[in-house]
Amino acid sequence: YIKCMRLSMLFNILKFWDLQISTPKEFTIQKFSESKYATFCNDALTLTAFANGVPSKSSHYPRTELRELTKDGKLAYWNSDETRQMDATLKITKLPKIKKMVSFAQIKLKEDGAALMAFLYDKQIYLASHLHGKRNKYVIEENYKLGTLVTFKFIVHDNEVTVFYNGKQVANYNANFKNGYF
């Protein structure tokens with residue numbers, strides 16, 4: 001028997017993140033301490049995502065995602081000339097049945113939506129960028145097996161975004177933007 005705990009009891013840093021979630025009834029923003037859709041078990045954060053959930057106003061697809069906050073609890077925004085980093089060790093255990101795709105990391109822009117996203121589509125992990133009016137797709141893994149643990153990192157610095165997958169640099173983008181966030 002494994003007892004799972006709410007994240008807020010274990011991760012003090014998560015007070016700087018909200019949980020945005022599409023439930024079957026609504027798209028809602030919750031604090032980790034109030035959410036039953038985020039748990040901590042076996043040294044892992046587990047987020048529940050509903051394939052039949054109500055999408056946000058800016059999307060056609062349901063989502064469960066972390067939203068970065070400032071120390072005073074407001075939505076965080078930063079510019080590409082600043083240094084920001086997002087690291088994740090993760091595994092995707094299930095894909096939706098109809099469209100076998102999930103986004104697992106992103107840099108979004110306040111005014112323009114997603115600038116850079118990482119996706120798993122069937123077995124392929126790829127980056128999709130929408131920077132400076134150009135769209136680009138770059139495959140970084142051809143044969144991902146569900147449940148496989150991987151590491152992923154975005155480093156924003158000096159108007160560039162450097163992307164690492166399993167410890168290796170896989171992409172570097174020129175990225176001059178304002179009001180970005182993870």
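Biologist: Which strand is the place of Ser22?

Modeller: Ser22 sits in strand β2, residues 17-22; strands here are DSSP runs (E, at least two residues), numbered from the N terminus. Mind that this is a predicted model, where local features need pLDDT of at least 70, side-chain atom pairs count only at pLDDT 80 or more, and totals for chains, interfaces and linings use all residues. Residues are numbered from 1 along each chain as its sequence is written, and side-chain values use heavy atoms, with hydrogens and water left out.

Biologist: Why is Ser22 called buried?

Modeller: Buried means under 20% relative accessible area (exposed is over 50%, partly exposed in between; 1.4 Å probe, protein chains only). Ser22 comes out at 0%, so it counts as buried.

Biologist: What makes the Ser22 side chain and the backbone oxygen of Val54 a polar contact?

Modeller: A polar atom of that side chain lies 2.7 Å from the Val54 backbone oxygen. The cut-off is a pair of N or O atoms within 3.5 Å; within protein, one must be able to donate a hydrogen and the other to accept it, and residues adjacent in sequence count only if both atoms are side-chain atoms.

Biologist: Which residues does Ser22 touch, leaving out those up to four places away in sequence?

Modeller: Among them are Phe27, Phe50, Pro62 and Arg63; contact means heavy atoms within 4.5 Å.

Biologist: And the protein chain: how many helices and strands are there?

Modeller: Zero helices and 15 strands.

Note on methods:
Helix = DSSP H or I, 4+ residues; strand = E, 2+ residues; numbered from the N terminus.
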